[in-house]
Amino acid sequence: MFDNIGGKIKVLAAVVTILGCIVSFVFGIILFVEGEVGMGFLVIIMGGLLSWISSFLLYGFGELIESNQDIQKTNKDIWNE
């Protein structure tokens, strides 16, 4: 369950981004149907953009964990020789 946690966090970041974009698109379409065209465009554009930007932190954290694990493995190999 906790093996390759860095990779799983990176996958989670991608999933959250995709879901955020889909939800923003759906809510934007709902606003279009209700007659709020300007607000619909704003929700679609800004929601997708914010979902994408917010995923940077989560993806970066996953990358940091993977890098740390690689460094630990390298150091363990060096010290055990």
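A salt bridge is defined here as a side-chain nitrogen of Lys or Arg within 4 Å of a carboxyl oxygen of Asp or Glu. The model is predicted, so local features need pLDDT of at least 70 and side-chain atom pairs count only at pLDDT 80 or more, while totals for chains, interfaces and linings use all residues. Residues are numbered from 1 along each chain as its sequence is written, and side-chain values use heavy atoms, with hydrogens and water left out.

**Salt bridges**

A search of the whole structure gives 2 salt bridges. In one of them, the side chains of Lys 10 and Glu 63 meet with N and O 2.9 Å apart. Lys 10 belongs to helix H1 (residues 5-33) and Glu 63 to helix H2 (residues 37-79), so this pair ties together parts that are 53 residues apart in sequence. Helices (H or I, at least four residues) are DSSP runs, numbered from the N terminus. Glu 66 also forms a salt bridge with Lys 10, with the closest N and O atoms 2.8 Å apart. That pair links Glu 66 in helix H2 with Lys 10 in helix H1, 56 residues apart. Through shared partners, Lys 10, Glu 63 and Glu 66 are joined into one network.

Accessibility is described in three classes: buried (under 20% relative accessible area), exposed (over 50%) and partly exposed (in between), with a 1.4 Å probe and protein chains only. Lys 10 is buried at 15%, whereas Glu 63 is partly exposed at 35%.

**Packing of the helices**

The axes of H1 and H2, which are lines fitted to C-alpha atoms over the stretch in contact, come within 8 Å and cross at roughly 175°. H1 is therefore roughly antiparallel to H2, a term for angles over 145 degrees on a scale from 0 to 180 degrees between N-to-C directions. Ser 24 is found in helix H1 and is buried, at 9% relative accessibility. Leaving aside residues up to four places away in sequence, Ser 24 touches Val 43, Ile 44, Gly 47, Gly 48 and Ser 51, where contact means heavy atoms within 4.5 Å.

**Aromatic pairs**

Rings of Phe, Tyr and Trp (its six-membered ring) pair if their centres lie within 6.5 Å; planes under 30 degrees apart count as stacked, over 60 as edge-to-face and the rest as tilted. The count comes to 2 aromatic pairs.

| Pair | Centre distance | Plane angle | Class |
|---|---|---|---|
| Phe 32 and Phe 41 | 4.9 Å | 75° | edge-to-face |
| Trp 52 and Phe 56 | 5.0 Å | 70° | edge-to-face |

Trp 52 and Phe 56 both lie in helix H2, 4 residues apart, about one turn of the helix.

Note on methods: Helices (H or I, at least four residues) and strands (E, at least two) are DSSP runs, numbered from the N terminus. Angles under 35 degrees count as roughly parallel, over 145 as roughly antiparallel, 65 to 115 as roughly perpendicular and the rest as oblique.
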